[in-house]
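Here is a friendly walk through one protein model, from its overall dimensions to its packing. Have your viewer ready, and please keep the sequence at hand.

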Amino acid sequence: MLENLLEELDRLELAKYSSLLINLYQDDDVYTAEACLDDEELIIGRDNPFFICDSGLPWEKVLKEAGKILKKYIKDNQDKYKHFKSISYGFADGDECFIKKHVKKHRPAHYSAEDFMSFPPEKLYCWLTVYSNENLKNKHGREIFELDYKNMTDEEKQYWSKLLAENFNYEKYYDE
């Protein structure tokens, strides 16, 4: 039972950890789980995984039910888990589902034309399409989207790098 794994976690001094991942596994005849704290600094259930249920259920249903149990448990015991920056679960070979996700903040940056010149042409093209401000998009939008970045000359790269540096949408950059 997944609850047994959670009870085992409760016996630990959780305050010294900042991330929790519950890995689910589908074995031949059963579904099992383990807990990884701080990117495998401590693993509970690796050698003796916790039984969840028989393998008669589809994995999607097991994932959904495990998520419900974990979310409810974390909510009901929020004082024990509030310090965690990240709490997630999922099948070890699948997508990770987040209950609580650490959001990294961008450090303030200011990009120059030289910074953009160091980008490979495809990255410069992507940043032009995404981070150009309205002024640049209104004036050169069609040109930007029709750029042949695979055959971009150094002069073209310098031109577009300068324009992007002068018309960079920092607000959009920091919102992502």
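Of the 176 residues of the protein, 39% count as buried, where buried means under 20% relative accessible area, exposed over 50% and partly exposed in between, with a 1.4 Å probe and protein chains only. This is a predicted model, so local features need pLDDT of at least 70 and side-chain atom pairs count only at pLDDT 80 or more, while totals for chains, interfaces and linings use all residues. Residues are numbered from 1 along each chain as its sequence is written, and side-chain values use heavy atoms, with hydrogens and water left out.

Some values for the whole chain:

| Property | Value |
|---|---|
| Radius of gyration | 24 Å |
| Span of the C-alpha trace along the principal axes | about 65 × 35 × 25 Å |
| Accessible surface | about 11,500 Å² |

For 176 residues, a compact globule would have a radius of gyration near 16 Å; the radius is taken over C-alpha atoms, and the globule rule is 2.2 Å times the number of residues to the power 0.38. Carbon and sulfur atoms hold 48% of the accessible surface, computed by the Shrake-Rupley method with a 1.4 Å probe.

The protein has 8 helices and 6 strands. These are DSSP runs numbered from the N terminus, with helices (H or I) of at least four residues and strands (E) of at least two.

Now to the packing. A nonpolar core is a set of buried Ala, Val, Leu, Ile, Met, Phe, Trp, Tyr and Cys residues joined through side-chain atoms within 4.5 Å. The largest one has 28 residues, and L9, L20, I22 and Y81 touch the most other members. Elements that each supply at least two residues of this core include α1 (2-10), β1 (19-26), β2 (30-37) and α2 (59-76). The largest share, 6 residues, comes from α2. Apart from this core lies another, of 20 residues, with Y111, L128, F168 and Y170 among them.

Which residues is Y81 in contact with, leaving aside its neighbours within four places in sequence? They are L6, L9, D10, L14, L20, Y73, I74, I87 and K100, contact being heavy atoms within 4.5 Å.

A35 lies in strand β2 and is buried, with a relative accessible area of 0%. Beyond its neighbours within four places in sequence, A35 is in contact with L5, L9, L20, L21, I22, L42, I43 and I44. A35 and N151 are 49 Å apart in space, C-alpha to C-alpha, and 116 residues apart in sequence.
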